[in-house]
There are 2 protein chains.
Amino acid sequence: MTRNAVVLLSGGLDSATTLALARRDGFDLFALSFDYGQRHRIELECAEQLVVAFGVKRHVVMPIDLRVFGGSSLTSDLPVPKDRPAESMAHGIPSTYVPARNTIFLSFALAYAEVVKASDIFLGVNALDYSGYPDCRPEYLEAFERMANVATKAAVEGNEQVRIHAPLVRMTKAEIIRTGLSLGVDYGMTTSCYDPTPAGIACGRCDSCQLRRKGFAEAGSQDPRPYAV
Amino acid sequence: MTRNAVVLLSGGLDSATTLALARRDGFDLFALSFDYGQRHRIELECAEQLVVAFGVKRHVVMPIDLRVFGGSSLTSDLPVPKDRPAESMAHGIPSTYVPARNTIFLSFALAYAEVVKASDIFLGVNALDYSGYPDCRPEYLEAFERMANVATKAAVEGNEQVRIHAPLVRMTKAEIIRTGLSLGVDYGMTTSCYDPTPAGIACGRCDSCQLRRKGFAEAGSQDPRPYAV
C-alpha cells in the first residue's frame with residue numbers, strides 16, 4: 001500500500017533533493033509550489049521540470065501575495081545583498097528573509113495534506129547553510145509539528161500523526177548535492193539564485209549562489225547551471 | 001505609547017466583537033481579512049464597514065485560493081448543512097470545516113504582525129459555539145503561539161513575545177453579543193451566514209445562523225440583520 005506525502009517544491013537544489021528522498025522512501029508525491037511575487041520566478045519553471053522527472057501525482061502552484069505586507073528584499077525593491085563574505089552570512093538575519101514564510105508555506109501544506117489524506121510533509125530547509133532564517137531551525141520545525149497535530153480534523157479524528165520531515169536540516173550543501181546525485185537528481189533542473197537575470201541566469205554573487213557554488217566545489221562535482229559571473 | 005495589534009477580521013459577529021475588545025485594550029488596529037473564495041463574500045463588505053467604524057489604521061484583504069485544495073462546503077459545491085439540531089452541531093466536524101484554515105489565517109497574521117511591529121494577534125474563535133472545528137480550541141491556540149515564538153525574526157531577535165489573543169474562546173454567543181453591545185458594536189455591520197442569498201440576506205438555517213439567532217434571543221436583544229426565513 002502506498003502512502004501520500006506532500007512535498008514543498010520551490011524548484012531549488014534543496015527541494016529537488018528532498019523530493020528525491022521522499023520518492024526513495026516510497027511515498028506517492030503531491031508537490032506544492034508558491035507563486036508569491038518572488039524575483040526568482042525561474043524557480044517555478046524548474047519545479048515543473050522536476051514534477052515531470054519524478055512522476056509527481058499532483059502539483060499545486062498556489063498564488064499568494066506576500067508583497068502586500070512588504071519587508072523582504074525577495075518580494076520588494078530592496079536590494080539583494082551581493083558578495084557577502086561567509087562570516088557575515090553566518091551572523092544576523094539578512095533582508096532576503098520573508099516574514100513568516102515557512103509558517104505560511106507549511107500551513108498550506110497542512111491543508112493540502114489533509115485533503116489528499118497525507119500525514120507526511122517534506123520540506124528542504126537546512127539549518128547549517130540557512131543564511132540565518134529562524135524558520136529553518138529544528139526547534140521551529142518541532143513546534144510546527146506539535147501545532148499541526150492539534151490543528152486539523154485529520155489529526156483530531158484520525159490515528160495518524162502529522163510528521164514534518166526535513167531530511168536536509170543537518171546536512172552541508174556538499175552532502176545534499178552528493179545525496180541528490182546518488183538518487184539521480186538532475187541539478188540542471190534546479191535554480192538557487194535570489195536575483196537571476198531576466199533570462200533566468202544565476203547572478204553568482206548572492207548568498208544563495210555562493211552557498212551553491214561552494215557546495216558543488218566541496219562535493220567535487222560540476223554545477224550544470226550557468227552563472228552570469 | 002501605543003502598541004499595534006493585528007486583528008483577524010472576517011466581518012462576522014465574533015471578529016467584530018474581537019476588534020472592539022482590542023480597541024478597548026488600547027491597541028492601534030491593523031486588520032486582516034481574506035478573500036478565499038468563500039460563498040459568503042458579503043462578509044468582506046461588512047469588514048470594510050467595521051474598519052471605518054473602528055478607526056482601523058490599515059486593512060489588508062489577502063486573496064488566497066483555498067478552492068484549489070477542495071474539501072469544504074464553504075469553498076466548493078458541497079451543500080451547506082441546514083436545519084441541524086443543536087445536538088448534532090455539538091458532535092463531529094461538519095463539511096463547512098475548511099482544512100487548516102485558522103492555521104493559514106494565523107500564519108499570514110504573523111507575517112503582517114512582524115512587518116508592522118506588532119506582538120499581539122487577536123482572533124475571534126470560540127470553543128463553545130464552535131461547531132466542532134479543531135482549530136478553535138484553546139490547546140490549538142497555545143500550540144500556535146509556542147510555534148510563533150520560534151518562527152520569526154522579530155521573536156528571535158526581539159524582546160517581545162508573540163501573544164495570540166482569543167478573548168471570546170470561552171464565552172457563549174449571548175455573552176459575546178452582550179460584550180459587543182456594551183462596547184458599541186453595531187451588529188448590523190456584521191454577517192454570520194454560511195450560505196446567504198445573492199443579495200447577502202442570511203439563510204437563517206445553517207449552523208452559524210442558528211447559533212447567532214439563539215445568541216441574540218438569549219442576550220435579550222434584537223438582531224439588526226434580516227433573515228430569509
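1. Gly26(A) comes after H1(A) and has a positive phi, near 90 degrees. H1(A) itself covers residues 13–24, twelve in number, and reaches 17 Å from first C-alpha to last, close to the 16 Å expected at 1.5 Å a residue. Bear in mind throughout that this is a predicted model.

2. How much of H1(A) is buried? Ten of its twelve residues are, so the helix is largely enclosed by the rest of the structure. The buried run goes through Leu13(A), Asp14(A), Ser15(A), Ala16(A), Thr17(A), Thr18(A), Leu19(A), Ala20(A), Leu21(A) and Ala22(A). As for what does the covering, the list includes strands S1, S2 (27–35) and S4 (120–122), plus helices H2 (42–53), H7 (173–182) and H8 (207–219), each of chain A.

3. Val7(A) counts as buried because it has 31 C-beta neighbours inside 10 Å, where 20 or more is the cut-off. Leaving out residues up to four places away in sequence, Val7(A) touches Thr18(A), Leu19(A), Ala22(A), Leu29(A), Ala31(A) and Phe122(A). Asp120(A) is 113 residues from Val7(A) in sequence, yet the two C-alpha atoms are 8.5 Å apart.

4. Over in chain B, have a look at the strand pair S1(B) and S2(B). Strand S1 (residues 3–8) of chain B runs parallel to S2(B), with six bridges between them. One of the residues to check is Leu8(B), whose bridge partner in S2(B) is Leu32(B). S2(B), residues 27–35, is mostly covered, with seven of its nine residues buried.

5. Helix H8(B) also checks out on length. Its 13 residues (207–219) should span 18 Å at 1.5 Å a residue, and the end C-alpha atoms are 18 Å apart, which agrees. Which residues of H8(B) are buried? They are Asp207(B), Ser208(B), Cys209(B), Gln210(B), Leu211(B), Arg212(B) and Gly215(B). After H8(B) comes Gly220(B), with a positive phi near 70 degrees.

6. On to how the two chains relate. Chain A superposes on chain B by a rotation of 180 degrees with 0.0 Å of shift along the axis, at an RMSD of 0.0 Å. The copies are thus related as by a two-fold rotation axis. The same surface serves both copies, since 100% of the contact residues of chain A recur in chain B.

7. The interface puts 37 residues of chain A in contact with 37 of chain B. On the chain A side, the elements giving two or more residues are strand S3 (58–63) and helices H4 (101–115), H5 (138–151) and H6 (153–157). H4(A) gives the most, with nine residues. By class, this side of chain A has 25 nonpolar, five polar and seven charged residues.

8. Last, the confidence scores. The model gets ipTM 0.88 and pTM 0.89. Chain A has a mean pLDDT of 88, with 86% of its residues at 70 or more. Where pLDDT is low, the predicted coordinates should not be read in detail.

Terms used
Residues are numbered from 1 along each chain as its sequence is written. Chains are lettered from A and ligands numbered from 1 in the order in which they are written. This is a predicted model: local features need pLDDT of at least 70, side-chain atom pairs count only at pLDDT 80 or more; totals for chains, interfaces and linings use all residues. pLDDT is the predictor's confidence in each residue, from 0 to 100. Copies are superposed by least squares on the C-alpha atoms of residues with pLDDT of at least 70 in both. Two residues are in contact if their C-beta atoms, placed from the backbone, lie within 7 Å. Helices (H or I, at least four residues) and strands (E, at least two) are DSSP runs, numbered from the N terminus. Ala, Val, Leu, Ile, Met, Phe, Trp, Tyr, Cys and Pro count as nonpolar, Asp, Glu, Lys and Arg as charged, and the others, Gly among them, as polar. The expected span of a helix is 1.5 Å times one less than its number of residues. Two strands pair if DSSP finds at least two bridges between them.
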